[in-house]
Amino acid sequence: MKKNLLTLSLIFLFIFRVRALPNPAFDEGHEENTPLYFGNPSDASGNFEAEDVGQNYLMEKAQFSLSYNSETLNPAWVAWHLCAADLGEADRSDSFRPDAELPEGWYAVRKNDYKFPYYGFDRGHICPSADRTATKEDNSATFLMTNMVPQSPDNNRVVWVALEKYERELVLQGNEAYIFAGPYGKGGTGDKGYFEEISVTQKDDSELSITVPSHTWKIILFMPAGEDDLNRVAAEARVIAVCVPNEKGCGKNGSWEQYLCSVNYIEEITGFDFFEMLPDELEEEFESSVFSWYTYN
């Protein structure tokens with residue numbers, strides 16, 4: 001019996017590893033200064049016939065790329081590149097709206113679906129409005145509901161916004177950034193209490209739900225602005241990773257610095273694989289360390 005169990009365990013381990021192997025076709029071929037230049041963390045596909053596409057649908061826009069999950073009605077991750085040219089004088093558009101580029105038959109979340117007076121969660125940007133102010137069109141794109149997750153106001157307005165300001169400060173000091181961010185888990189505490197999902201009623205009276213994440217996470221690779229990013233990343237880049245609880249009071253004891261973690265930790269909880277285009281040793285060096293924000297030069 002023990003021998004049979006061992007055999008089954010080895011078979012399962014082999015199958016899991018085969019399935020977990022990265023597919024270079026999803027990571028290669030992205031131009032420098034585009035969101036997926038360092039890799040596609042979930043091997044998301046824009047092919048509507050691909051396996052599990054409903055949970056990992058690739059949408060590539062001029063302003064950011066994302067993997068959309070039609071079951072949670074949230075992005076699994078959003079990726080974008082940030083440089084000084086992205087920061088201009090465009091006003092905040094506040095044009096929250098459904099994403100018309102979702103596949104036919106998928107529910108497109110609407111502005112009022114979050115029902116703040118009842119649930120108490122913000123429409124929380126993943127790619128921030130203030131990271132896309134070069135043109136009105138760029139800013140407007142960040143208000144697509146595929147770029148939102150239900151976010152506790154203390155997370156969205158205190159911790160998250162402070163990190164967003166910090167990333168822009170570093171960019172305006174002469175750096176550029178490759179950024180990944182998204183939700184994790186289920187169940188958060190907003191201004192109206194704890195909820196795991198937000199109920200949505202469709203036109204045919206059928207019910208769907210928007211998952212309320214338990215955490216939001218972000219990974220930022222900074223380096224001095226320049227060219228040939230892949231070859232200079234080893235000497236010049238630094239990586240920040242945070243994982244923030246999506247709950248009331250999360251900013252009480254300080255800002256985002258208290259939630260610093262390693263990229264490896266985010267990979268463990270999400271199942272994603274970041275920076276696959278880097279050599280393995282360099283990738284592990286970046287992903288195993290925890291950023292010391294106060295020593296960044």
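Two strands count as paired if DSSP finds at least two bridges between them. The model discussed here is predicted.

Q: Which residue of β12 stands opposite Ile220?
A: Strand β11 covers residues 215-224 and pairs with β12 in the antiparallel sense over eight bridges. The residue of β12 opposite Ile220 is Ile240.

Q: Are α7 and α8 roughly parallel or roughly perpendicular to each other?
A: Helix α8 spans residues 280-288, and its axis and that of α7 are 6 Å apart. The two helices pack at an angle of about 90 degrees. Angles of 65 to 115 degrees count as roughly perpendicular. The relation of α7 to α8 is therefore roughly perpendicular.

Q: How many charged residues does the contact of α7 with α8 have?
A: From α7 come Val263, Asn264 and Glu267, which meet Glu283, Glu284, Phe286, Glu287 and Ser288 in α8. By class, two residues of this contact are nonpolar and two are polar, and the charged ones number four.

Q: Is Lys252 buried or exposed?
A: Lys252 lies in the loop between β12 and α7. Its C-alpha atom is separated by 35 Å from that of Val233, 19 residues apart along the chain. The cut-off for exposed is over 50% relative accessible area. Lys252 has 70% relative accessibility and so counts as exposed.

Q: Which residues form the covered face of strand β9?
A: In a regular strand the side chains alternate between the two faces of the sheet. In β9, residues 197-201, the uncovered face has Glu197, Ser199 and Thr201. The covered face has Ile198 and Val200.

Q: Which residue in the turn between β9 and β10 has a positive phi?
A: β9 pairs with β10 (residues 207-211) in the antiparallel sense over five bridges, and Glu197 stands opposite Thr211. The two strands form a hairpin with five residues between them. The turn residue with a positive phi, about 75 degrees, is Asp205.

Conventions. Residues numbered from 1 in each chain as written. Predicted model: local features only at pLDDT ≥ 70, side-chain atom pairs only at ≥ 80, totals over all residues. Heavy atoms only, no water. Buried < 20%, exposed > 50% of the residue type's maximum accessible area, 1.4 Å probe, protein only. Helix = DSSP H or I, 4+ residues; strand = E, 2+ residues; numbered from the N terminus. Axes fitted to C-alpha atoms, helices over the stretch in contact; angles between N-to-C directions. Parallel < 35°, antiparallel > 145°, perpendicular 65-115°, else oblique. Contact = heavy atoms within 4.5 Å. Nonpolar A, V, L, I, M, F, W, Y, C, P; charged D, E, K, R; others polar.
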